[in-house]
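Dear colleague,

Please find below the structure that I would like to hand over to you. After it, I set out what was found, topic by topic, so that you can follow along with the model open.

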Amino acid sequence: MDLKMFLVFTAFLLHTSLGLPIQEKCENSTTTTEPTEVTTQEDIYESPLPTETDVEEEVIFNKILKVNQDSSQYLQEGDIVPRRSRSAINCRHCNWPQSRDGIVRVPYVLDPTYEESHVKGIHDAMAEFEALTCINFVKRKTERDYLSIKSVDGCWSNYGRVGGGQTVSVMKGGCLWKGVIQHELEHALGFLHEHSRSDRDKHVKIMWEYISPPDRSDFKKFENSNNLGLPYDYSSIMHYGPYTFTNTTGKATIVPIPDGSVHIGQRQGLSNLDVAKINKLYNCSRCSTILDGTSGSLKSANYPRNYSDNTNCVWLIRTRSRKVSLYFQAFELQKTRGCQGDYVKIYDGSSKSSAVLMDKTCGSKIPNYIVASSNLMLVEFITDGAYTASGFQAIFAAVGNQRRSSIHN
Ligand SMILES: [Zn+2]
């Protein structure tokens with residue numbers, strides 16, 4: 001731990017002594033004359049809502065519920081379109097089919113009324129699935145079953161593949177947050193709310209006294225849920241927040257047990273267990289890790305012993321509110337012409353469609369210090385079937401001014 005902090009500090013020193021630009025770039029300046037207090041990555045995707053300010057701290061599900069209060073759609077658990085038969089909860093036929101190449105292609109069509117920024121927000125939310133799992137959302141050609149992503153009235157979805165065109169409502173002016181889009185897409189992939197799991201009573205206590213009778217069905221437990229042999233996840237993007245559906249201000253409806261202070265609900269996006277569950281349900285052979293926090297480290301498998309052949313690993317680094325910086329401490333990869341064999345490649349964002357920060361790199365020269373333009377960076381490590389080496393070790397840290405304090409005008 002001490003060593004890690006020292007190295008992070010060294011990275012900081014290196015950063016400042018080299019005089020690299022660390023000041024905030026105003027990538028998404030608006031023309032408003034009012035100073036904008038808060039600009040988060042997510043704001044970029046939202047339609048202009050001048051009254052909406054500091055919602056970054058809000059659990060994703062609460063954003064969904066707030067919008068759905070005005071929805072005329074009949075919804076269960078706040079955002080799920082009911083099926084005629086609830087027996088599908090552990091369904092075998094509601095998964096999307098997997099192609100021979102291992103990719104699960106989920107066709108979709110987008111509401112033509114979405115503006116360019118909305119489309120970009122939806123694509124970015126989808127691209128994270130593609131980077132971390134074997135789910136690919138693809139534009140529909142002639143496929144029979146597909147998602148019809150529309151701005152209807154609220155943020156809601158069916159559970160699993162229904163057959164034919166199924167609506168995923170991602171309403172403009174409320175639902176176009178990355179986490180909200182991902183939550184609804186996860187329902188469409190066949191995932192329930194996390195606290196609906198059959199084993200939830202071992203992990204959370206439902207405080208029925210603070211839930212009004214009409215809302216109690218939203219806390220139903222599914223005895224035959226498919227838990228995929230993976231642990232209960234307090235930080236799932238599919239988890240309600242602690243105060244969801246409370247009828248008494250300040251009283252939680254879901255309390256983690258035995259430690260009530262455990263943080264529940266997700267503010268940032270998919271969790272590591274969300275990703276693991278998708279990869280398990282869909283038999284994806286991916287090795288994906290999300291790294292949250294202000295600093296940390298990553299290394300190739302087995303480091304400093306040799307890495308394995310034929311691996312395909314990604315790390316999504318997601319710091320909060322600042323830019324991600326990455327500093328390689330060690331680097332030793334098979335050297336090939338054009339690094340077509342084993343390589344590390346780094347993207348300026350959360351998907352492989354993001355701009356490239358460091359193109360395919362191999363050999364034994366330690367790469368330069370890298371700073372992303374936002375709080376997201378994707379590191380990809382690919383190895384072929386021949387020759388291995390010790391691999392790499394790197395540390396990341398959030399650097400630069402806090403985005404929150406920047407004033408855009
Ligand atoms: Zn939901």
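**The annotated histidines**

In the UniProt record, an unreviewed entry, the annotation "binding site" covers H183, H187 and H193. Please keep in mind that the model is a predicted one.

Two of these residues may be taken in turn. H183 lies in helix α4, and H187 has its place in helix α4 as well. Are they buried or exposed? H183 counts as buried because its relative accessibility is 0%, and buried means under 20%. H187 has a relative accessible area of 0%, so this residue is buried too.

The side chains of H183 and H187 are joined by a polar contact of 3.1 Å.

Which residues surround them? Setting aside neighbours within four places in sequence, H183 is in contact with I60, F61, I64, D79, H193, I237 and M238. With residues up to four places away in sequence again not counted, H187 touches D79, I80, S157, N158, Y159, G160, L192, H193 and M238. H193 itself falls under the "binding site" annotation.

**The nonpolar cores**

The largest nonpolar core has 61 residues. Those with the most contacts inside this core are I135, F137, L147, I149, L189 and Y282. Helix α3, which spans residues 116-132, gives the most to the core, with six residues. At least three residues of the core come from domain 1 (52-189), and at least three from domain 2 (286-399).

Y282 deserves a look of its own. Leaving out residues up to four places away in sequence, Y282 touches N95, W96, Q98, V104, C134, I135 and L189. Of these partners, I135 and L189 are also listed among the residues with the most contacts inside the core.

Apart from this core lies another, of 27 residues, and among them are C339, Y343, M377 and F381.

**Helix α5**

Which residues of helix α5 (residues 272-281) are buried? They are D274, V275, K277, I278, N279 and L281. The buried residues of α5 pack against α3, β2 (135-139), α4 (178-189) and β8 (287-292). Following α5 comes N283, which has a positive phi, near 50°.

Yours sincerely,
A colleague

Conventions. Residues are numbered from 1 along each chain as its sequence is written. This is a predicted model: local features need pLDDT of at least 70, side-chain atom pairs count only at pLDDT 80 or more; totals for chains, interfaces and linings use all residues. Side-chain values use heavy atoms; hydrogens and water are left out. A nonpolar core is a set of buried Ala, Val, Leu, Ile, Met, Phe, Trp, Tyr and Cys residues joined through side-chain atoms within 4.5 Å. Buried means under 20% relative accessible area, exposed over 50%, partly exposed in between (1.4 Å probe, protein chains only). Helices (H or I, at least four residues) and strands (E, at least two) are DSSP runs, numbered from the N terminus. Domain bounds come from an automatic or database domain assignment. Contact means heavy atoms within 4.5 Å. UniProt positions are given in the numbering used here, feature names are shortened, and annotations may be inferred rather than shown by experiment. A polar contact is a pair of N or O atoms within 3.5 Å; within protein, one must be able to donate a hydrogen and the other to accept it, and residues adjacent in sequence count only if both atoms are side-chain atoms.
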